[in-house]
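Welcome! Take a moment to look over the sequence and the 3D view, and then we can walk through a few features together.

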Amino acid sequence: MRVAFTFAQGFVMRTAFNLSRFQKSVSHWYSKNGRDLPWRRTRDPYAILVSEFMLQQTQVATVIPYYEAWLRRFPDFHALAAASESEILHAWQGLGYYSRARNLRATARQISTEHGGECPTELDQLLALRGIGRYTAQAVLTFAHDKPLGIVEANTARLLARLFNVSAPIDSSAGRRIIWDHASRLVPQKRPGNFNSALIDLGATVCLARNPRCGLCPVKRFCRATDPLRLPIKKPRAAPISLVEQHSFILQRGRVLLQRCRKRWRGMWMLPELKRAPAQAKPIYRSSFPFTHHKVTLEVFRGSAPPGRRIDSQWFAAGSLDHIPVPSPHRRVLAAFLPSGSAGSQARSSDRTNTPSGL
Ligand code: SF4
């Protein structure tokens, strides 16, 4: 079947795009080269939803152990709905972007109470759930129920922008519309879930951001990219804003004083915040980590126990820290200064430049 379709950019390609051949090339390549990922071995919408929440902003290799541990700990919507916020933050710690964990639990609660623990199978019902947008809803429907819906995530957006030489920024509303349009038109009626997985894998392993492997690409003959390295085009980004955050490390008789986070890491425990660093004191630890559009420098100073008791603070035995949710930048400080193993082992490798200077 030859299908010449009008592209959303407003022109008809001179050479017809053979959709059927394109789909066959993609499927054939996927049958030999597709990645064997744990969430591809199931049709359980709950497991697929968990994987989709975890994969937002996070690499596949990082997600796999978290995904497997999460399903052991919270095997279905009811189990997750019944978990406390502290439990889910603890299970999520190290993955970052904790609002995903809170939203996932809120979704589970809604599905548990309003849908009897069964994930809806209609797009509008899924979109009505908290924290679920078009991508996640369509991903669940295509991967769990094989519905012929296109999906667009980072890998497919790059692939489609190059395949169709999209000149609009893919993070603009016009660019997003074009890419979604292409994704929807390409998806076949037969085994659409596999096809969507194939596009993701093509983007992740062949049409690489910095080094597209065009010589090995199974869809090279369909590709319209005139200069792949210039694509996809994105809107210029504002430079990250630098922030310095100062905290104290207070250890007394084998116990550490921690403060309940109220903002960025709401519900987790961190080193007590300092309004101002002690005069002339040098930090005992410094690290930097990215957070959304900020570059945060964390400075830690040795402190002593404050008089009285603060309502949002609590002493923890060093050996008990593995059982409470602590954000990774702060857990690394604890790991640097407490006996080995007492601060837990989960830490994100994406945070950089840790420089403990000793107590
Ligand atoms: Fe990407 Fe190159 Fe394949 Fe085009 S030919 S889709 S740029 S890898």
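## A covered helix

Let's start with helix 2, which is mostly covered: eleven of its eleven residues are buried. Keep in mind as you look that this is a predicted model. The buried residues of helix 2 include Pro45, Ile48, Leu49, Val50 and Glu52.

What do these buried residues pack against? Their partners are helix 3 (60–73), helix 4 (77–82), helix 6 (99–114) and helix 8 (134–145).

## The largest nonpolar core

The largest nonpolar core holds 84 residues, and the members touching the most others are Val50, Val140, Leu160, Ile179, Ala183 and Met270. Helix 2 (residues 45–55) supplies the largest share of this core, eight residues. The core lies between domain 1 (19–230) and domain 2 (241–337), because both give residues to it. In soluble globular proteins, nonpolar side chains tend to be buried together.

## Around the ligand

Which residues are closest to the ligand? They are Cys207, Cys214, Cys217, Cys223 and Pro228, out of 14 that surround it. This shell is made up of eleven nonpolar residues, three charged ones and no polar ones.

## A look at Ser328

Finally, find Ser328 in helix 12 (residues 328–337). Ser328 counts as buried because it has 21 C-beta neighbours inside 10 Å. Although Ser328 and Leu95 are 233 residues apart along the chain, their C-alpha atoms are separated by 8.7 Å.

Definitions and conventions
Residues are numbered from 1 along each chain as its sequence is written. This is a predicted model: local features need pLDDT of at least 70, side-chain atom pairs count only at pLDDT 80 or more; totals for chains, interfaces and linings use all residues. A nonpolar core is a set of buried Ala, Val, Leu, Ile, Met, Phe, Trp, Tyr and Cys residues joined through C-beta atoms within 7 Å. A residue is buried if 20 or more other C-beta atoms lie within 10 Å of its own, exposed if 12 or fewer, and partly exposed in between; C-beta atoms are placed from the backbone. Helices (H or I, at least four residues) and strands (E, at least two) are DSSP runs, numbered from the N terminus. Domain bounds come from an automatic or database domain assignment. A residue is near a molecule or strand if its C-beta atom, placed from the backbone, lies within 6 Å of it. Ala, Val, Leu, Ile, Met, Phe, Trp, Tyr, Cys and Pro count as nonpolar, Asp, Glu, Lys and Arg as charged, and the others, Gly among them, as polar. Two residues are in contact if their C-beta atoms, placed from the backbone, lie within 7 Å.
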